[in-house]
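Here's a quick tour of a few local features in this model. Have the sequence and the 3D view open as you read.

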Amino acid sequence: MQIFNTLTRQKETLVPIEEGKLRIYACGPTVYNFIHIGNARPLCVFDTLRRYLEWRGFDVRFVQNFTDIDDKIIRRANEEGVTYQEIAERYIAEFWTDAKGLGVKEATVHPKATENIDEIIAIIAGLEEKGFAYKAPNGDVYFRTRRFNEYGKLSHQPLDDLESGARIAVGEDKEDPMDFALWKAAKAGEPSWPSPWSDGRPGWHIECSAMARRFLGETIDIHGGGQDLIFPHHENEIAQSECCNGVPFARYWMHNGYINVDNKKMSKSLNNFFTVRDVAKIYGYEAIRFFLISSSYRSPINYSAEIIEQGISALDRLYTCRENLQFAIDNAAAVTGENDAQLLQKVETRRAQFITAMDDDLNTADAIAALFELTKDINVAIATPEKVGKEACEKTLDLFNQLADVLGLLYERKKESLDDEIEALIAARAAARKEKNWAEADRIRDELKARNIVLEDTPQGVKWHRA
């Protein structure tokens with residue numbers, strides 16, 4: 001598999017540190033509000049990456065954190081007159097509602113920043129011992145950015161360019177404007193933890209370094225997140241981790257692109273962002289996931305109602321194909337058919353096409369195209385049901401489901417069952433048709449239609465769906 005590595009700005013072959021195993025860290029949300037569709041993009045992208053690697057046989061250890069202490073969380077808690085824990089736990093619960101709605105699998109570990117204070121303090125102490133960190137007079141602890149000669153290697157910006165935008169804010173007591181906070185001394189009324197430097201709380205960047213080291217080791221295979229995290233968050237993670245541990249932090253860095261609305265970057269400052277919850281109320285969660293993975297993960301994508309609706313139509317085609325194939329299996333008369341070999345050859349072709357796409361830097365757009373090509377193959381095959389056998393159809397359905405599952409699709413609409421009374425009416429209509437009692441057959445069809453059950457007569461038998 002080839003992955004575009006932000007660190008080297010080129011595609012590289014994915015070579016695990018340990019054969020057959022992969023350790024992946026993806027930055028999770030700061031839990032002070034509902035997630036918006038910009039937050040949902042990395043969720044779905046790295047969930048798809050993980051699913052694909054597991055499908056290819058890798059043992060994946062996947063870590064995604066919760067930042068559960070932060071200025072925004074504290075501010076929200078103060079506004080509502082509650083504790084920071086109440087805010088964090090509320091929005092972690094809301095996160096899970098949306099994540100599960102999007103079909104996102106739980107990570108191997110979902111650590112919280114506040115549960116890793118000891119590890120955070122240990123890293124800061126290690127940096128201080130090596131001269132990379134210092135305590136300010138007010139009890140804050142900062143990282144000496146200029147001591148790390150490779151600072152800027154991820155964002156590919158010289159230190160001089162980065163320095164031009166650096167400043168010392170009111171209340172900060174840095175040696176250099178480029179230095180960043182590792183530990184923040186608590187202000188009055190803020191939550192805090194004891195440390196060798198002051199009662200306080202961790203800086204944002206140090207959290208991920210600590211949780212990655214604790215749960216994945218000093219060097220990990222892949223670190224992922226949104227493009228907006230490249231600088232300063234991921235740049236600072238590299239600096240503090242590599243200075244403390246003395247080894248490379250991550251071998252591959254993957255970053256997804258922005259979401260635009262009317263071709264402008266989605267942001268709260270422009271008030272053009274949409275929460276996942278609000279969009280899902282209109283279109284459902286699966287349509288959002290389809291939208292988020294239907295383009296290259298590195299490219300910016302433009303959100304619009306029209307694009308979401310196109311995704312719903314595409315999902316309808318996939319669901320219909322699966323239902324028709326299952327119907328063909330349920331009603332197949334023979335184990336084998338004369339067109340089986342042709343169908344199974346196409347199945348193998350689509351499988352190879354899918355793998356080629358995903359191996360090319362997680363090209364989900366071409367992978368989805370392979371799934372739709374398989375859909376066409378299936379539709380052609382079952383148009384003449386007497387020529388395909390049950391076993392070939394079952395093998396085809398198995399691959400269809402596998403590919404859909406790798407993409408995290410076709411999980412929202414479950415196959416429905418009918419109650420005994422409806423089943424009896426369908427059977428009675430079939431009997432009436434067999435006896436050529438067309439009036440009775442039509443009467444039963446109309447009765448079922450009045451109950452929102454629509455029948456379709458096919459060469460394989462009668463199909464139904466809810467109106």
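## An exposed glycine

Gly-246 counts as exposed, because its relative accessibility is 59% (exposed means over 50% relative accessible area, buried under 20%, partly exposed in between, with a 1.4 Å probe and protein chains only). You'll find Gly-246 in the loop between helix H7 (230-245) and strand S10 (250-256). Helices (H or I, at least four residues) and strands (E, at least two) are DSSP runs, numbered from the N terminus. Gly-246 and Glu-218 are 28 residues apart in sequence, and their C-alpha atoms sit 8.8 Å apart in space.

## What you're looking at

This is a predicted model, where local features need pLDDT of at least 70 and side-chain atom pairs count only at pLDDT 80 or more, while totals for chains, interfaces and linings use all residues. Residues are numbered from 1 along each chain as its sequence is written, and side-chain values use heavy atoms, with hydrogens and water left out.

## A buried arginine

Now for Arg-429, in helix H14 (residues 420-434). Arg-429 counts as buried, because its relative accessibility is 3%. Which residues is Arg-429 in contact with, leaving aside its neighbours within four places in sequence? They are Ala-441, Ile-444, Arg-445, Leu-455, Asp-457 and Val-462, contact meaning heavy atoms within 4.5 Å.

## Two crossing helices

Helix H2 (residues 71-80) and helix H3 (residues 84-101) have axes that come within 8 Å and cross at roughly 110°. Axes here are lines fitted to C-alpha atoms, for helices over the stretch in contact, with angles running from 0 to 180 degrees between N-to-C directions. H2 and H3 are therefore roughly perpendicular (65 to 115 degrees; under 35 is roughly parallel, over 145 roughly antiparallel, the rest oblique).

On the H2 side, Ile-73, Arg-76, Ala-77 and Glu-80 meet Tyr-84, Ile-87, Arg-90 and Tyr-91 of H3. That contact splits into five nonpolar, no polar and three charged residues. Ala, Val, Leu, Ile, Met, Phe, Trp, Tyr, Cys and Pro count as nonpolar, Asp, Glu, Lys and Arg as charged, and the others, Gly among them, as polar.

## Two open sheets

Tyr-142 stands opposite Ala-181 in S7.

Another open sheet has three strands, ordered S12-S11-S13, with mixed pairing. S12 (264-265) and S13 (301-303) each have a single partner strand, so one side of each lacks a neighbour in the sheet. S11 (residues 259-261) and S13 pair in the parallel sense over three bridges, and Val-261 stands opposite Tyr-303 in S13.

Technical notes: Two strands pair if DSSP finds at least two bridges between them.
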